[in-house]
Amino acid sequence: MKPRNDPAMQRYREEYHRCCGVLVRQLRTEKGWNLEDFSKETGISVAWLRKFEENQLTTNYSMRLQMQMVQALGFGVMEIHQFYKCVDKMTEASVGPPPWLIEREKGGTS
């Protein structure tokens, strides 16, 4: 597997986070919620949610916060993989397959 600081890995990771925010915004607006409504549903501040959707977070965030958003959007415990599958597809459509899969296909080792 490529190192975490590899430019291809960094680009993929950045695009993945951007796509995650795009999908959350899309699903939120489909529910007819503004950020204030979503904040009430998730218990997460409007400012943080805005930064998440716009891919402007400057620090790592916990999986717990992401799970709060996904569950508020209607994904149950058994359906959460569907959300992440959508994010994966969006990311791959934008930047191609994950770098670790390209390495594997080339027969590379790290």
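This is a predicted model: local features need pLDDT of at least 70, side-chain atom pairs count only at pLDDT 80 or more; totals for chains, interfaces and linings use all residues.
Local features are reported at pLDDT of at least 70 and side-chain atom pairs at pLDDT 80 or more, while totals for chains, interfaces and linings use all residues. Residues are numbered from 1 along each chain as its sequence is written, and side-chain values use heavy atoms, with hydrogens and water left out.

A salt bridge is counted when a side-chain nitrogen of Lys or Arg lies within 4 Å of a carboxyl oxygen of Asp or Glu. The count by this rule is four, including these:

| Pair | N to O distance |
|---|---|
| Arg11 and Glu15 | 3.4 Å |
| Glu15 and Arg18 | 2.6 Å |
| Glu53 and Arg25 | 3.3 Å |

Helices are DSSP runs of H or I with at least four residues, numbered from the N terminus. In helix α1 (residues 7-30), Arg11 and Glu15 are four residues apart, about one helical turn. Glu15 and Arg18, three residues apart in helix α1, are also separated by about one helical turn. Salt bridges link Arg11, Glu15 and Arg18 in a network.

Relative accessible area is computed with a 1.4 Å probe on protein chains only: under 20% is buried, over 50% exposed, and in between partly exposed. Glu15 is buried at 4%, whereas Arg11 is partly exposed at 40% and Arg18 is partly exposed at 36%.

The pair Glu53 and Arg25 forms a salt bridge. Glu53 lies in helix α3 and Arg25 in helix α1, so the pair ties together parts 28 residues apart in sequence. Glu53 is buried at 4%; Arg25 is partly exposed at 31%.

Glu54 sits in the loop between α3 (46-53) and α4 (63-72).

Conventions
Helices (H or I, at least four residues) and strands (E, at least two) are DSSP runs, numbered from the N terminus.
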